[in-house]
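Student: I have a structure open and would like to learn how to read some of its features. Could we go through them one at a time?

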Amino acid sequence: MNIKSHIPNLFTLANLFSGTIAAMHAVLGHYELTAIFVVIGIFFDFLDGFIARLLGVSGEIGKQLDSLADVVTSGLVPGLLMFLLIKNNVINGSNVEMKIAFGQFEPDFGYLPYIAFLLTIAAGYRLAKFNLDTRQSDSFIGMPTPAMSLFIISLPLIYQFTEIEVLRDMLLNNNYLIGITVVLSILMNVELPLFSLKFKDFSIKKNFVKYLFLIVSILMIYFLKYPAVPLIIIFYVLLSIVENLFKKN
């Protein structure tokens, strides 16, 4: 038994564990802790691949395990968060009836919030495709699931810690939340090339787009805090589209 080949799997399992804890905190409404554990999980997701390349090991178990862990951290958790956001908006709206569930009264929020799990389904489908797609070694085809997850976990934090009324009003409107759900689900599986942040060398000429993205992202985080996260994801997609157009020309 080659113990070295299983070392990256330990980091993958740490990702899975972090995602499980994040899901628990999402259900409990602890949105800050949910975000923290998702970020920890995504860090472990990056680390397992880095360690595998460093040790020069790879295996089918690690490849499948990585996707299974990501389904939880970057699939189930964002779906849960979006479900709770839409559900809370329905409950806080007018004309909400009560129903008996498990022997007690609770608000009847209907079926609308379940649309949120389109994110989970789309993430699972993307991860299955990713395992079979040999084109995505140096770049991505479609939005990576961690990017989608970071977008979603930022939403309740924006509502809690931002005083920008326009953003708060958008998060209280289920039309916007459902729109975000549908758009992100499509972006994860659409045939859209997106650059990755893997550096083969550090020359400015070959990595101009990556350096530009990193500098603008740091400035956004410094000045905007939590609202910077979805803006960075949007900027990432738009910058990739512009880069694709320049490559074609």
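Tutor: Let us start with a single side chain. This is a predicted model. Lysine 247 has a relative accessibility of 62%, so this residue counts as exposed.

Student: Which residue forms a salt bridge with lysine 247?

Tutor: Glutamate 243 does, and the closest N and O atoms of the two are 3.9 Å apart. That falls within the 4 Å used as the cut-off for a salt bridge. The count by this rule is one salt bridge.

Student: Where do glutamate 243 and lysine 247 sit in helix H9?

Tutor: Helix H9 covers residues 228-248, and the two are four residues apart in it, so about one helical turn separates them.

Student: Is glutamate 243 buried or exposed?

Tutor: Glutamate 243 counts as buried, because its relative accessibility is 19% and the cut-off for buried is under 20%.

Student: Next, the rings. How many aromatic pairs does the count come to?

Tutor: It comes to 11 aromatic pairs. One of them joins phenylalanine 83 and tyrosine 114, with 5.2 Å from centre to centre and 55 degrees between the planes, a tilted pair. Phenylalanine 83 belongs to helix H3, while tyrosine 114 is in the loop between strand S2 (104-107) and helix H4 (118-132), so the pair ties together parts 31 residues apart in sequence. Phenylalanine 83 is buried, at 10% relative accessible area, whereas tyrosine 114 is partly exposed, at 43%.

Student: What kind of pair do phenylalanine 195 and tyrosine 236 form?

Tutor: Their ring centres are 4.9 Å apart and their planes stand at 80 degrees, so this pair is edge-to-face. It links distant parts of the chain, 41 residues apart: phenylalanine 195 is in strand S4 (residues 193-195) and tyrosine 236 in helix H9. Phenylalanine 195 counts as buried at 7% relative accessibility, and tyrosine 236 is buried with a relative accessible area of 7%. Ring pairs also link Phe195, Phe213, Phe235 and Tyr236 into a cluster.

Student: How are two packed helices described?

Tutor: By the angle between their axes and the distance between the axes. Here, helix H1 (residues 7-28) packs with helix H3 (residues 60-91) at about 15 degrees, the axes being 9 Å apart. Angles under 35 degrees count as roughly parallel, and H1 and H3 are therefore roughly parallel to each other. Their crossing is left-handed.

Student: Which classes of residue make up the contact of H1 with H3?

Tutor: The contact has 16 nonpolar, seven polar and two charged residues.

Methods
Residues are numbered from 1 along each chain as its sequence is written. This is a predicted model: local features need pLDDT of at least 70, side-chain atom pairs count only at pLDDT 80 or more; totals for chains, interfaces and linings use all residues. Side-chain values use heavy atoms; hydrogens and water are left out. Axes are lines fitted to C-alpha atoms, for helices over the stretch in contact, and angles run from 0 to 180 degrees between N-to-C directions. Angles under 35 degrees count as roughly parallel, over 145 as roughly antiparallel, 65 to 115 as roughly perpendicular and the rest as oblique. A crossing is left-handed if the near helix is turned anticlockwise from the far one by less than a right angle, and right-handed if clockwise. Ala, Val, Leu, Ile, Met, Phe, Trp, Tyr, Cys and Pro count as nonpolar, Asp, Glu, Lys and Arg as charged, and the others, Gly among them, as polar. A salt bridge is a side-chain nitrogen of Lys or Arg within 4 Å of a carboxyl oxygen of Asp or Glu. Buried means under 20% relative accessible area, exposed over 50%, partly exposed in between (1.4 Å probe, protein chains only). Rings of Phe, Tyr and Trp (its six-membered ring) pair if their centres lie within 6.5 Å; planes under 30 degrees apart count as stacked, over 60 as edge-to-face and the rest as tilted.
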